[in-house]
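Thank you all for coming. I would like to take a few minutes on the packing of one model, so please have a look at it first.

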Amino acid sequence: MRNASPPRRRRRGSLILFLFLLCFCLLAVSHSAIAAASFDYADALSKSLLYFEAQRSGRLPHNQRVTWRDHSGLTDGLEQGVDLVGGYYDAGDHVKFGFPMAFTVTMLSWGVIEYGDEIASVGELDHALEAIKWGTDYFIKAHTSPNVLWAEVGDGDTDHYCWQRPEDMTTSRQAYKVDENNPGSDLAGETAAAMAAASIVFRKINPRYSQLLLHHAQQLFKFGDRYRGKYDESMVGVVKSYYGSVSGYKDELLWAALWLYKATDTLDYLNYAMENAHTFGGTGWAMTEFSWDVKFAGIQLLASKLLAEERHKGQAQILKKYRSKAEYYLCSCLDKNDHDHNVRRTPGGLLYIRQWNNMQYVSSAAFLVTVYSDHLRATNQNLKCPKGRPVSHRELLNFAKSQVDYILGSNPSNMSYLVGYGHSYPKRVHHRGASVVSYRENKAFIGCTQGYDNWYGRPDPNPNVVVGALVGGPDSEDGFRDERRNFMQTEACTYNTAPLVGVFAKFNQLELNKLGLAKDAKSVAYYR
């Protein structure tokens, strides 16, 4: 009995242990709460817009902020007698693919249309407008006559043979076009959508430019609709292995028609989307992805929002069919469809569509879910899914936030997949310009295979950081290898980052509102 503790001491010891455990739990909860609210969405927004400056082709402006880049592609189009200088490189190579470039601009514009005030409150509206205009200026050049649109500069096969900085390019810069004899309704439709959406953005800021964009958009839509065909069949071999139009061109024609309706208020465009709703698949296809190729979910969501307006009562029957397919997409993201008609998730909770560049589907889903959440809130509605109770706008928003936070670091690897954000992010991005010493530091010419010999295989981090690039991301088990040759995971694309601009702005505003720090910004959201 001598080794037994006195009762009072035992109680005191138990009390001390209880208090210790209580403090530990409170600290853990506090740490979790801080971690959950610790993402700087304003910083993420600013960095995402920098990425588009890193992807610029052509003569760079005096206010260029990404200083490791320099002029490139200054003779693009020269062989064909047309000025195609400018635009964006789509990813880590130097081909200018018009199809994904147009989708990038559409999504940037849609982000500003929805969240212009929120972007302005961070002081980033001018940079967002510059990013859009860099693309639309190029599309104006590329649309040389009503029925001619230059689709691409360079080709993937010869480009991928070399590992060079864009400033040193020695690869083919041949340009390819679609026209009456070689149609490209998908490309023309997406470019029309981009220019129509951008015309809404610039309507009051730059009315003359807005009208010019609208003029081109209307011509391109007419061209794409009159001379129907897939652009990758007109340019066989050039884009098929890179940006082939798997979904065909009908989704792009519906997409363009709805954007032109939003831009012009002309009923002809709305009627086009209603009359072709079934035959073009708008009310038929139920999708679980939204991307540069497959536009149906975006079309369906745009059409759904029209139901809230009294003037569209006459089209309500067809619009409700569009809404049904939009809700299928949203419910698939939430894992609330029946059977196996849902998007897979990684163990860490990330939407997972496919192995190569999966993050493009995550960022586009986060955008559509966020926009629809706002729509539900504005119309005092819930989302009805086959499984479970009705989904509130807040639940939708929380889901979008979970995907955005995963991107920024709330994931099993505790790393940000947005390059340059946070303390841990991919350092060996599959990107030619970033992985080779900056031209501004060393102007000595680096040849086609010299880049592969001296830079591509290096285990060191890239000498230049592609700030704001959203890489392809982890595999189905949340695994990620930060290796330059691992292009499926470490290559970034413009259309990965584009949807995040508006989403980051939205979540930044929500955080400020929570903290009572929101500022009264001058209203710029007249785009709606």
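This is a predicted model: local features need pLDDT of at least 70, side-chain atom pairs count only at pLDDT 80 or more; totals for chains, interfaces and linings use all residues.

Residues are numbered from 1 along each chain as its sequence is written, and side-chain values use heavy atoms, with hydrogens and water left out.

By a nonpolar core I mean a set of buried Ala, Val, Leu, Ile, Met, Phe, Trp, Tyr and Cys residues joined through side-chain atoms within 4.5 Å, where buried is under 20% relative accessible area with a 1.4 Å probe, protein chains only. The largest such core has 154 residues, and Trp 110, Phe 221 and Trp 259 are among those with the most contacts inside it. Helix H3, residues 98-121, gives the most to this core, with 12 residues; helices here are DSSP runs of H or I, at least four residues, numbered from the N terminus.

Turning to the helix pair, the axes of H3 and H4 (residues 125-142) come within 10 Å and cross at roughly 155°, the axes being lines fitted to C-alpha atoms over the stretch in contact, with angles from 0 to 180 degrees between N-to-C directions. The two are therefore roughly antiparallel, a term for angles over 145 degrees.

Finally, Thr 191 is found in helix H6, residues 185-201, and is buried, with a relative accessible area of 2%. Leaving aside neighbours within four places in sequence, Thr 191 is in contact (heavy atoms within 4.5 Å) with Ala 102, Phe 139, Leu 149 and Leu 220.

How values were computed:
Buried means under 20% relative accessible area, exposed over 50%, partly exposed in between (1.4 Å probe, protein chains only). Angles under 35 degrees count as roughly parallel, over 145 as roughly antiparallel, 65 to 115 as roughly perpendicular and the rest as oblique.
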